[in-house]
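Subject: Structure handover

Hello,

Here is the structure I promised to pass on.

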Amino acid sequence: YAFEGIKQAYLGEQNLRIHTFIAILVIIFGFFLRISYIEWLVCLLLIGLVIMAEFINTAIEYVVDLASPKVHPLAKAAKDTASAGVLMMAIISAIIGLIIFVPKLIEFVGELL
């Protein structure tokens, strides 16, 4: 059933596909810039957390739609709050990613010059 949930979420949620694309880019850049073991652990943990948050957000949206098919302020608040959780996780992950990758990119560019 879990794989059906993954399939359903990927088919229905554009943001999940975007987060997955970014995760793939992080992995490619991680290999290219030779990040350390600890940096890999941090990146993989953050990728997992962002994607997990997106799955939970999707589940909340489905349940809210089921429980409240009509537009209701509390339904909107629940969906917006769940979405905000994903956004916060993505922002924190991006900041940590910049902390990991920017010095390595600067070093790489410096070696080219």
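First, the ground rules. The model is predicted, so local features need pLDDT of at least 70 and side-chain atom pairs count only at pLDDT 80 or more, while totals for chains, interfaces and linings use all residues. Residues are numbered from 1 along each chain as its sequence is written, and side-chain values use heavy atoms, with hydrogens and water left out.

Confidence
The protein averages a pLDDT of 95 (pLDDT is the predictor's confidence in each residue, from 0 to 100). A score of at least 70 is reached by 100% of the residues. Helix α1 has the lowest confidence, with a mean of 93, and α3 has the highest, at 97. Helices here are DSSP runs of H or I, at least four residues long, numbered from the N terminus.

α2 against α3
The axes of these two helices come within 10 Å and cross at roughly 175°. Axes are lines fitted to C-alpha atoms, for helices over the stretch in contact, and angles run from 0 to 180 degrees between N-to-C directions. α2 and α3 are therefore roughly antiparallel (over 145 degrees). Residues that meet here include Ala-23, Ile-27 and Phe-31 in α2 and Trp-40, Ile-47 and Phe-55 in α3. By class, this contact has 11 nonpolar, 4 polar and 1 charged residues. Nonpolar covers Ala, Val, Leu, Ile, Met, Phe, Trp, Tyr, Cys and Pro; charged covers Asp, Glu, Lys and Arg; the others, Gly among them, are polar.

α1 against α3
Helix α1 (residues 2-12) packs on helix α3 (residues 37-67) at an angle of about 80°, with the axes 11 Å apart. That makes the pair roughly perpendicular (65 to 115 degrees). α1 brings Gly-5, Ile-6, Gln-8, Ala-9 and Tyr-10, and α3 brings Phe-55, Thr-58 and Tyr-62. These residues divide into 5 nonpolar, 3 polar and no charged.

Thr-58 sits in helix α3. It counts as buried, at 2% relative accessibility (buried is under 20% relative accessible area, exposed over 50%, partly exposed in between, with a 1.4 Å probe and protein chains only). Beyond its neighbours within four places in sequence, Thr-58 is in contact with Ala-9 and Glu-13. Contact means heavy atoms within 4.5 Å.

Cores
Which residues make up the largest nonpolar core? The 6 residues are Leu-33, Ile-35, Trp-40, Cys-43, Ile-100 and Phe-101. A nonpolar core is a set of buried Ala, Val, Leu, Ile, Met, Phe, Trp, Tyr and Cys residues joined through side-chain atoms within 4.5 Å. α3 and α4 (73-112) each supply at least two residues of this core. Apart from it lies another core of 5 residues, among them Ala-9, Leu-16, Ala-23 and Ile-47.

Trp-40 touches Ile-27, Gly-30, Phe-31 and Ile-35, not counting residues up to four places away in sequence. Ile-27 is found in helix α2. At 31% relative accessibility, Ile-27 counts as partly exposed. Leaving aside neighbours within four places in sequence, Ile-27 is in contact with Trp-40 and Ile-47.

Most residues other than glycine have a negative phi. Arg-34 has a positive one, about 55°, although it is not a glycine. Arg-34 lies in the loop between α2 (14-32) and α3. At 71% relative accessibility, Arg-34 counts as exposed.

Best wishes

How values were computed:
Angles under 35 degrees count as roughly parallel, over 145 as roughly antiparallel, 65 to 115 as roughly perpendicular and the rest as oblique.
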